[in-house]
Amino acid sequence: MAVTVSPVRFEHHSDAIGIGESAPRLSWVVESAPPGWRPVGYEMERRDAGTAAVDGARSVLVEWPFEPLVSRERAEVRVRVTGADGTASPWSEWAAVEAGLLEADDWAAQWVGPLDDTVGSPLVRGVFQVRDVEIARARAYATARGVYELEVNGVRAGDQELAPGWSAYESRLRYQTYDITDALRAGENVLGAWLGDGWWRGYLGWDGRKALYGDQLGVLVQVEIEYADGQGQQVVSGPDWRSGTGPVRAADLYKGEQFDATAYDTAWSTPGVDESGWDGVTVSDLEASILVAPDGPPVRVIETLPVAEVLTLPSGRTLLDFGQNLVGRLRLRVQGAAGETVTLRHAEVLEHGELATEPLRGATATDTYTLRGGAVEEWAPRFTFHGFRYAEVTGWPGDLDPDCIVAEVMHSDLRRTGWFSASDPLVGRLHENIRWGMKGNVLDLPTDCPQRDERLGWTGDLQVFAPTAEFLYDSAGFLVSWLLDLAAEQTRYGGTPTVVPAPVIGYSGPMAAWGDAATIVPWTLYQAHGDLEVLARQFPSMASWVDEVTAAAGADHIWDSGFQYGDWLDPLAPPHRPEAAQTYPEIVATAYFARSARIVADSAALLGRTVEADRYGGLAEKVRAAFRREYVTGAGRLLSDSPTAYALALQFQLLTDSEQRRRAADRLAEIVRDNQYRISTGFVGTPLICDALSANGHLDAAYRLFLQTEGPSWLNTVTLGATTIWERWDSLLPDGTVNPSGMTSFNHYALGAVGDWMHRVVAGLDKAEPGYRRLRIAPQPPRRGLIDASARLRTPYGEASTAWSLAGGELRLSVTVPVGVTAEVVLPSGAVHDVEHGTHEWSEPFEVDPLVRAVVTVDTILGDIVDDPQAMAVLSGVISKHIPEAAEHMTTGLKGRADLTPRQLVGLLPRPDGVLADFERGFAAVSAGEEIPRDVISPAPE
């Protein structure tokens, strides 16, 4: 097998044009090599600038070996790798990198905007001349106050959506770089920009506020032309530009877009347009120091979905079902008379057969298109997006052909890196729901939800989901950018906000699990990519957060002051008090205090900051000791006797005594069993609970919890038709109505953080060292419920995979290890194998639980009945039949009644007549493996 090497990648960029680094680090993948081949060195070549040879096996984020780039400079680089046997790979293909405008004084453009700042979505244009000489290269550097779309001579520049996105605008405003070489022509040329409110001037948050950054829209454009004869030309936005009113009458991220094609001059951005009806522009100077090149990819239309079904609503209106809850917009092809208007309303779910718009709150999510008339017209809104599965269409001319409407899925153009599959289709659909939930909430920044009047960068949601996100997609550049915004907002607000960017919420004191994103997200990125630069860049922010909490906790290191979100949306919390969870908020806060202090200490040690490593390491130990002193008994019981409290104590290593850990894990498993293996955790406990069980001797309980189909549970939402992850376990109630709390979303990725456990434990694919230079493959199959699972991941070194299956009393495992990587493979039996790159297979005995029907009677204790789903169906069904008002209490668990029998239970019921007989008939059917008689668990029809 020949050695082959991929083209070089620069930093975490997928497209390295206009980057902000002068010395970008380099990564490549050895895609194939003979067995036993090991890299020991590499040679880097820059076209027209020589080569650099280096000893060492590194291939990820390697230092730039040439002279630093200057603004606008372009370089082409390739690599070849040498093996321990002395053989060298062929050269990789050339890869191009180009610096953007790296210095503040590179900018000469001015802000330009409309004279009338009440215009909803104005147009601006500038005319310039191009020499009649071959153009070697032309670039447009642009950004906006608001959102913009750039055109050159009537042709759209690039394919980015909603640029420049949302950042901490006062501190960091991203600009975009466009290759416009082919769009220019000799003579007169025109630059045109559509402008929209976006996050700058549009509505933000749930209080009906808008223009939190400014009330004037503006665009900044600077064109740099390099002619073949060596001459250059600069074109900048300024006072000679013109402004006008376009066909977009209004555009808002929450409200939607109104487009009047009768007012659309399609030639507006081309030469020769009569400008007599155009106005001048307002001009303001640029504070160039805040302009930054993007670290992550732009928002694009990633895929399109056709209409899955056309429905007629009870109201008679036409509804389109796309079969998937998604984020994006609709694109129409429509023909009709001038002035006819098509209206599109969007929603995630239906209620009583109609669009459920109540969960959108103030977001009307309505687009309108007024036809020009005549030929077929095609349109999609520019300056809005919606979270929806369903779209109601009114005003369509003639009969609606569903092929004339498609849904365009939009999000940041992240490269997919992770896949998972399992034998249970519900589990497979759950994983797809997790992935679609992420896709819907990475539209330029990590949001909580994409549909209602919120869509904010909540820190807590990302903190719990980051490990899952980093497996599914290469999120490094995307999250690095957001972390820089977080650090900027910390400085601006004097503390760590719970939402980044922060103007909607501001800062009202430190809040655990939310502010801890400042430490946990950089640490997650380091673990996924082995990138110490992330820790170095974020270290002041990380330390600032821990210092903030230290001051709040005081001398005893117990953080029990101030408002906390706690175990947000614990299913047992009151619907209108989602913070009022079972777990005391100070337990959550102090546990996270210890966790973040430890992360900062470990980061400092990796960065060689020994003084900080000692200081924060000592602080972490003091907080751990305070947690045990305040909240843990000698027997391992916690003050909050709740699953989240035990999961925190176990997963954050707060219990140092092995016997104490064992007792805590046993108690956690007991609570899970008493809760009938239904979820009883919120945002904080849910990402931790399966690990807390499986890593501490209770793998079976973890799987029973994970595979539960009765609500609340992950798979219950799947059985109810979910195609994304819900904000609440009961966002949709059993009767098909929407949770009336006033705060519910059907696309909220936080509770999908279980995906990380699915990848690492179910499939068994994990890192043994940061950056996956060494793998740990340790699948833990269940004794029942799944017969196979697999995962594959594009690591920084190449694709790794694992797949196991159970059949005939045997487990078979297949593992693929990338070149340059080693793996520790741990079989369920405990056998350990160390392997190098290639595909490896093992098999060993593995017995699944036999499908033997246990005998259940009215004298079987409830603690045993809860382990049998069919017996539980009889228990809950009979009680719900005879005492309907008790039905809601059947999901609250045994709560210390595990030793009670159904016979004894009958004696405690207010209306025992007929209950015992139904129990006996139902349990007899279960014991015989027969179907439960319907009349046993259902009332007779009236």
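For the tallies below, Ala, Val, Leu, Ile, Met, Phe, Trp, Tyr, Cys and Pro go down as nonpolar, Asp, Glu, Lys and Arg as charged, and everything else, Gly among them, as polar. Keep in mind that this is a predicted model.

**View 1. The largest cavity and its lining.** By that sorting, the lining of the largest cavity comes out as seven charged residues, three polar and two nonpolar. The residues in question are E11, H12, H13, E21, R25, D295, G477, V480, D531, E533, V534 and R537. Helix α6 has the largest share, with three residues. The volume is about 110 Å³, and the structure as a whole has 10 cavities of 30 Å³ or more. Rolling a probe the size of a water molecule over the atoms is what shows where empty space is left.

**View 2. A five-strand open sheet.** Going across this sheet, you meet β14, β13, β17, β11 and β20 in that order, and the pairing is antiparallel. The edges belong to β14 (155–156) and β20 (242–245), each of which pairs on one side only. Zoom in on the β14 end: β13 (residues 147–152) runs antiparallel to β14 and is joined to it by two bridges. Look for E151 here, whose bridge partner in β14 is R156. As a reminder, strands of a sheet pair through backbone hydrogen bonds, either parallel or antiparallel.

**View 3. A four-strand open sheet with mixed pairing.** Here the order reads β36-β37-β41-β42, and the pairing is mixed. Strands β36 (765–767) and β42 (832–835) sit at the edges, each pairing on one side only. Ignoring direction, neighbouring strands of this sheet are turned by 20° against each other on average. At the β42 end, four bridges tie that strand to β41 (residues 822–826), and the two run antiparallel.

**View 4. Two buried cysteines.** Is C404 buried or exposed? Its relative accessibility is 15%, so C404 counts as buried, the cut-off being under 20%. C690 has a relative accessibility of 2%, so C690 counts as buried too. And how many disulfides turn up in a search of the whole structure? The count is zero. For context, a disulfide is a covalent bond between the sulfur atoms of two cysteines.

Key
Residues are numbered from 1 along each chain as its sequence is written. This is a predicted model: local features need pLDDT of at least 70, side-chain atom pairs count only at pLDDT 80 or more; totals for chains, interfaces and linings use all residues. Side-chain values use heavy atoms; hydrogens and water are left out. Two strands pair if DSSP finds at least two bridges between them. On a 1 Å grid over the protein atoms alone, a cavity is a set of points where a 1.4 Å probe fits but cannot get out, and a pocket is an open set with protein on both sides within 12 Å along at least five of seven lines; lining residues have an atom within 4 Å of a point. Grid points are joined across faces, edges and corners, and a volume is the space filled by probe spheres set on the points. A disulfide is a pair of cysteine sulfur atoms within 2.5 Å. Buried means under 20% relative accessible area, exposed over 50%, partly exposed in between (1.4 Å probe, protein chains only). Axes are lines fitted to C-alpha atoms, for helices over the stretch in contact, and angles run from 0 to 180 degrees between N-to-C directions.
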